Amino acid sequence: MDLQLRNTLERGLERMNLALEAEQIDTLMAYLQMLIKWNKAYNLTAVRDPQEMVSRHLLDSLSVLPHIRDEALIDVGSGPGLPGIPLAICRPDLQITTLDSNGKKTRFQLQAKIELKLDNLTVVHERVEKYQVEPFKQVISRAFASLEDMIHWTRHLCADDGVFLAMKGLYPDEELAALPTDIVVKDSHRLQVPDTDGERHLLILGRA
């Protein structure tokens, strides 16, 4: 089973033109095994099938790698650490913070940080509106909320010259129409995620 999962991951990375070191793939697999194990007891994700976890969690998280800047990043509503932990594994040079209000999920993330020796990862158990800290240059969110809600809840976490990275399914025309007038689309990318149905997009938003 482990070999099958690793093959799925490696094939997916190849199709996405992402070149990772063998050690990073080992660490991603170790994270996946932890997620599979903990999920049985703590219900961290609705995705149960390990093969599906590779595509819908690991590859989906890593699809944004080419669009991540060389600046500190916070993953809001991170759940079991997605996309923050896969990004931390693949970008050890970046300081990455994951934020979630669910204690079960942040406990899992802390255990992953310790076991996988992710020195560049900070795990925060807090409600987003209560987390007050020096703003980040990058705020990422994967299926956290509508774009309007994402901006509303995370605005204080994004520096004036920072960007909001919103991972979405279909291109969200209606959500974009509801954005505050001082927030604009800086860029958008159609993400290619092998072995997943439906479209995936990354919206990069910033202050006008």
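Q: Before looking at particular pairs, what is a salt bridge, and how many salt bridges does the structure hold?
A: A salt bridge is a side-chain nitrogen of Lys or Arg within 4 Å of a carboxyl oxygen of Asp or Glu. In this structure, which is a predicted model, there are 15 salt bridges. One of them brings together the side chains of R6 and D26, with 2.7 Å from N to O.

Q: Is D26 buried, partly exposed or exposed, and why?
A: Buried means under 20% relative accessible area and exposed means over 50%, with partly exposed in between. D26 has a relative accessibility of 41%, and therefore counts as partly exposed.

Q: Which residue meets R127 in a salt bridge, and how accessible are R127 and its partner?
A: The side chain of R127 meets that of E129, at 2.9 Å from N to O. R127 is partly exposed because its relative accessibility is 44%, and E129 is also classed as partly exposed, at 29%.

Q: Which parts of the chain does the salt bridge between R207 and D160 tie together?
A: The side chains of R207 and D160 form a salt bridge at 3.9 Å, N to O. Since R207 lies in strand 7 (residues 201-207) and D160 in strand 5 (residues 158-168), the pair ties together parts that are 47 residues apart in sequence. R207 counts as buried because its relative accessibility is 18%, whereas D160, at 64%, counts as exposed. Elsewhere, salt bridges that share partners join R69, E71, K137 and D161 into one network.

Q: In what order do the strands of the sheet lie, and which are the edge strands?
A: Two strands pair if at least two bridges are found between them. Here seven strands form an open sheet in the order 3-2-1-4-5-7-6, with mixed pairing. The edge strands are strand 3 (121-125) and strand 6 (183-190), each of which pairs on one side only. On average, and with direction ignored, neighbouring strands of this sheet are turned by 20° against each other.

Q: In which sense do strand 4 and strand 5 pair, parallel or antiparallel, and what packs on them?
A: Strand 4 (residues 136-142) and strand 5 pair in the parallel sense over six bridges, and the bridge partner of F136 in strand 5 is C158. Helix 3 lies across strand 4 and strand 5, running at about 150° to strand 4. Helix 6 (residues 147-154) also packs on the sheet, where it touches strand 1 (73-76), strand 4, strand 5, strand 6 and strand 7, and its direction makes about 145° with that of strand 5.

Q: How many residues of helix 3 are buried, and what covers them?
A: Helix 3 is mostly covered, with 10 of its 13 residues buried; among them are P50, M53, H57 and L62. The elements covering these buried residues include helix 1, helix 2, helix 4, strand 4 and strand 5. From its first C-alpha to its last, helix 3 reaches 17 Å, close to the 18 Å expected at 1.5 Å a residue.

Q: What span should helix 2 have, and how far apart are its end C-alpha atoms?
A: At 1.5 Å a residue, the 21 residues of helix 2 (residues 22-42) should span 30 Å, and the end C-alpha atoms are 30 Å apart, which agrees. The buried residues of helix 2 include I25, Y31, W38 and N39, and what covers its buried residues includes helix 1 (2-15), helix 3 (50-62), helix 4 (84-90) and helix 5 (103-115). Helix 2 is followed by N43, whose phi is positive, near 55°.

Q: Where does K113 lie, and which residues is K113 in contact with beyond its sequence neighbours?
A: K113 lies in helix 5 and is partly exposed, because its relative accessible area is 25%. Leaving aside neighbours within four places in sequence, K113 is in contact with L118, D119 and L121.

Note on methods:
Residues numbered from 1 in each chain as written. Predicted model: local features only at pLDDT ≥ 70, side-chain atom pairs only at ≥ 80, totals over all residues. Heavy atoms only, no water. Helix = DSSP H or I, 4+ residues; strand = E, 2+ residues; numbered from the N terminus. Expected span 1.5 Å × (residues − 1). Buried < 20%, exposed > 50% of the residue type's maximum accessible area, 1.4 Å probe, protein only. Contact = heavy atoms within 4.5 Å. Axes fitted to C-alpha atoms, helices over the stretch in contact; angles between N-to-C directions.
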